Amino acid sequence: MVEKQGYCTLCRSRCGAVYTVEGGALTGVRPDPGHPTGAALCPKGRAAPEIVHSPDRLTRPLRRTTPKSDPDPKWEPIGWDEALAEIAERLGRTKARHGAEAVAFAVTSPSGTALSDSIDWIERFVRLFGSPNICYSTEVCNWHKDWAHAFTFGCALPTADFAATDLAVLWGHNPAKTWLAQSAALADARARGARVAVVDPRRSTSARDADHWLRVRPGSDAALALGTARLLLERGAYDDAFVRAWTNAPLLVRRDTGRFLRAEEVDPALTGHVVQDVVTGSWRPYDTRFPAHRPEDFALDGTYRVATVDDGPVDCVPAFRLYRDACAPWTPEATARATGVTAAELAAFADALASARSVSYHAWTGVGQHANATQTERAVATLYALTGSFDAPGGNVVWPRQPLAPVTSVGQLAPGQRAKALGLAEHPVGPPAQGWVSGRDLCRAVLDGDPYPVRALVGFGSNLVLSQPDPARTAEALRALDFYVHLDLFPNPTSQFADILLPVNSPWEHEALRAGFEIGLRAQEQVQLRQRMVEPVGESRSDTEVVFDLARRLGMGADFFDGDVVAGWNHQLAPVGLTVEELRGHPGGVRLPLAHTYRKYARTDEDGYVTGFGTPTRRVELYSEQLAAHGYSPVPEHTDPHRAPDARFPLRLTCAKNGYFCHSQHRGLTSLRRRSPDPTVDVSAGLARLRGVEDGQWVELSTRSGAVRMRARIDPDLHEDVVVAEYGWWQDAPALGLPGHDPFGEGGSNYNLLVDDEIRDPVSGSVPMRSGACDVRALPLAHWRDSKEFVVTGARPEGADVVALTLEPADGSAPGDFRPGQHVGVSFTGPGARGTDPARSYSLTGPARDTARTGYGIAVRRVPGGEVSGRAHAATPGSRAWLTAPSGPFVIPTDTGLPVVLLAAGVGITPFLGYLETLAHSGGSVPEVVLHHGSRGGCRGCGCTRTTAGAAPPTVPPTAGGSVPSTSTPG
């Protein structure tokens, strides 16, 4: 046994871990407390051995042999050289004939998958190839916190310093499910007295113990932020010194143009902007390249007429006045009507912000998946600016980074190619400006040639069918492509449309380089080469290896170190004086200290220039002239992201991530799926009563776009008209007997069937994945609740001390099918009486699926002194019993590509008999079934045969004690 240090890379947390390897197999994983992110591991991270050794892994390159209209690709194995040669030839030919823009790339999230190991090199490949079209789904993921945030602060949302904060705000973010290192830091902060506020429609894991839970209605977050800001402004409970000196609040804005008044418009000899001085009563220039001079004298309100050289007198107002005007309509009462957050809760939240010594916050998809996402981000960011906590201890801190040599930037794409990005005309300052395109625009280009045809696609782990609205349109586009290549660990609904499917290995089968682990200064000082834990499964390769090889074949070898990945890493490490070989000698990583100061925006250089912020005004922008120039509101605003009301869909629909899975992955892993077996939708207790829905009942969830099935989970904390569904469901779990879900059909559970993109965020193109309109309808119960009265219709002895009973519902109803291996709870009383105690559970016998079913069968061994088994053995036709519905996690798969081995002792064979009878009655895809049965005193009549692939089992009696297809081992 060997233990190896490393880190998990399935999500943004990148938790430090120690992996156990035995006999070349990954067998265990535990947190590494010595690592800066090693405080804990989530169930996903602990499932690493299952991921590595899953029998469902892709292990060889495959080529489609059927048209894409055929749902069965009939894959044929091919070698890597043949696959890469064909890919390079097809991509190169498409580029030569139609331009690099005719080749698009679909890339999965590096924040929720292991693609973070390779993402920089993938982007380098795409940009140097010349394509401006990467479909990241960033418009419904990270773009708002990482790019729209720059409209206010000039940078991505910095790391929340939860470890030192006084008040942590989680706005549409649940780190307990998405960023465990953050959650651990929050727990430590709470232990020392920090407070937590959570903005979420649900009482999420993070909200359960929060000091403030603001139960906001989906899509109304901007109203909440503006209403909170209004209270702070009214009370003067904001950081006035920060607002005056470090935001653009005092800059005068021309009423006639909406642009900032420039100093040169007033006096050509001056540069910079203009402010009004309340002491002198006149304007003065303000060059924001330098620190503010006497900012306490800057006017923040009023209207001022300033004489300009070309336009004469113009009326101007401070930007702060326009921001205050944007907040003014959002009184506590108006905010409560829009958000569902009461005036008292709003006031308490504002008080917490005002009294906190430091405030930190994080927001993610809860803000970003709405048709008003950009202005919501602006509203939250400008509210945060009022606290003055940016880059301050306990605030959102810009931690230093290791100065590794960058390998990618948008500048690698020629300006002419950048201008061809799909959707750029509609979203000129949105994701297309970085070459990141939406699924809608990609499909439109493929299907309609608008603005030009996209003919080829390379997918790096992307599952567009499950991550974009309108899966049917996505499928149509995938079928229409001339050529599609997909790289992945497992097949998924999107990969089924590929021409060539390449097997990617898991993060534990290759090395990877990471400098900085984000959560704090110590984490940023960590530089680590994660070692390979086990050899690659089958012929799988890493995404990095694939792009290095493809680059060489496409004539970009010099840009990819002639295919040498280690040379590429050494290039990155050169500025910090490390090599790959040195890092291999320190598998736990090395610490390179980083110099750090807070409030870096206030630093000045030897010429007196101040660092400021990366915005056009070099200050935090409460008023964005950049947005105004493109026709958007320069100050944050709330617009209802919902369509006009439709009486058919009176409920508000949002969605949430299931914490046991990474987006649309891993539902085939037994340890994870056992924790969450079915897709669920949370409904309020009031709505459940109104719709006649019971907890755990299957319901139909419908919108204008379609309908899906999910299990209802009653949440008493939800607003009565809010519905919260899960996304990402398609995969089966054969080992648990749990089915998959059709990603295209209304009988399935693909949340994206409910979403369209007709309404979009005007800046980013985000769609209302978390703010739709829906209805919920209860579906017929497959089984009953609690106990149901049955009548014994047959009783006969089977073997020593075993009786076989058949029972049918007393009301004559159909009892419903079950899964092989499940059981029922049984209680007996006298004929005609009713009772529930005592009761015992017994495995069901007979076929699990039977269209002619009228009842159930059980086999009961007499237990000396046992009251329930005694009553069972005394039962005769007409006796009464009360049964609970079939249930239980012990399920034996009937459809799997693996052999099934059954081990049983004595009457414990009962569930296996039912399983074999199910195969004999209904069939299945099990290649081989082997039963080992141990019994006191010998075989007791069990036949010794073996059921093999393609052969139905011999006739099997419906109860224990009969002849069984088996390999028998007497006990």
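Select helix H9 (residues 221-235) together with helix H12 (residues 319-327), where the two axes come within 8 Å and cross at roughly 120 degrees; the axes are lines fitted to C-alpha atoms, for helices over the stretch in contact, and angles run from 0 to 180 degrees between N-to-C directions. That angle makes H9 oblique to H12, given that angles under 35 degrees count as roughly parallel, over 145 as roughly antiparallel, 65 to 115 as roughly perpendicular and the rest as oblique. The crossing of H9 and H12 is left-handed, a term used if the near helix is turned anticlockwise from the far one by less than a right angle, with right-handed used if clockwise. To see the contact itself (heavy atoms within 4.5 Å), show Leu226, Ala229, Arg230 and Leu233 on H9, and Phe320, Tyr323, Arg324, Ala326 and Cys327 on H12.

The model on screen is predicted, with local features needing pLDDT of at least 70 and side-chain atom pairs counting only at pLDDT 80 or more, while totals for chains, interfaces and linings use all residues. Residues are numbered from 1 along each chain as its sequence is written, and side-chain values use heavy atoms, with hydrogens and water left out. Helices (H or I, at least four residues) and strands (E, at least two) are DSSP runs, numbered from the N terminus.

**The open sheet**

Next select S11, S10, S9 and S17, four strands that form an open sheet in that order with parallel pairing; two strands pair if DSSP finds at least two bridges between them. Strand S11 (212-214) and strand S17 (359-363) stand at the edges, each with a single partner strand, so one side of each is left without a neighbour in the sheet. From one strand to the next, the twist averages 15 degrees. Strand S9 (residues 167-171) is joined to S17 by five bridges in the parallel sense, and Leu170 has His362 as its bridge partner in S17.

Move to helix H4 (residues 119-129), which is mostly covered, as nine of its eleven residues are buried, where buried means under 20% relative accessible area, exposed over 50%, and partly exposed in between (1.4 Å probe, protein chains only). Among the buried residues are Trp121, Glu123, Arg124, Phe125 and Arg127.

Within H4, pick out Leu128, which at 27% relative accessibility counts as partly exposed. Not counting residues up to four places away in sequence, Leu128 touches Gln412, Met556, Asp559 and Phe560.

**Strand S23**

Selecting strand S23 (residues 526-530) brings up a strand with five of its five residues buried, so S23 is largely enclosed by the rest of the structure. Gln526, Gln528 and Arg530 point one way from S23, whereas Val527 and Leu529 point the other way. Strand S22 (residues 512-515) runs antiparallel to S23 and is joined to it by four bridges, with Ala512 opposite Arg530. Strand S24 (residues 590-591) also pairs with S23 in the antiparallel sense, over two bridges, and here Val527 stands opposite Val590.

**The barrel**

Now select the six strands that close into a barrel in the order S31-S32-S35-S34-S33-S36, with antiparallel pairing. Neighbouring strands of this sheet are turned by 45 degrees against each other on average, direction ignored. Five bridges link strand S31 (residues 787-797) to strand S36 (residues 880-884) in the antiparallel sense, and Phe790 stands opposite Ala881 in S36. Helix H28 (residues 867-874) packs on the sheet, touching strand S32 (802-809), strand S33 (823-828), strand S34 (839-845) and strand S35 (856-861), and its direction makes about 115 degrees with that of S35. Helix H29 (residues 910-922) packs on the sheet as well, touching S34 and S35, with its direction at about 30 degrees to that of S34.

**The cysteines**

Finally, display the cysteine sulfurs: a search of the whole structure finds zero disulfides, a disulfide being a pair of cysteine sulfur atoms within 2.5 Å. The sulfur of Cys15 is 5.8 Å from the closest cysteine sulfur, in Cys11, which is too far for a bond, and Cys15 counts as buried at 7% relative accessibility.
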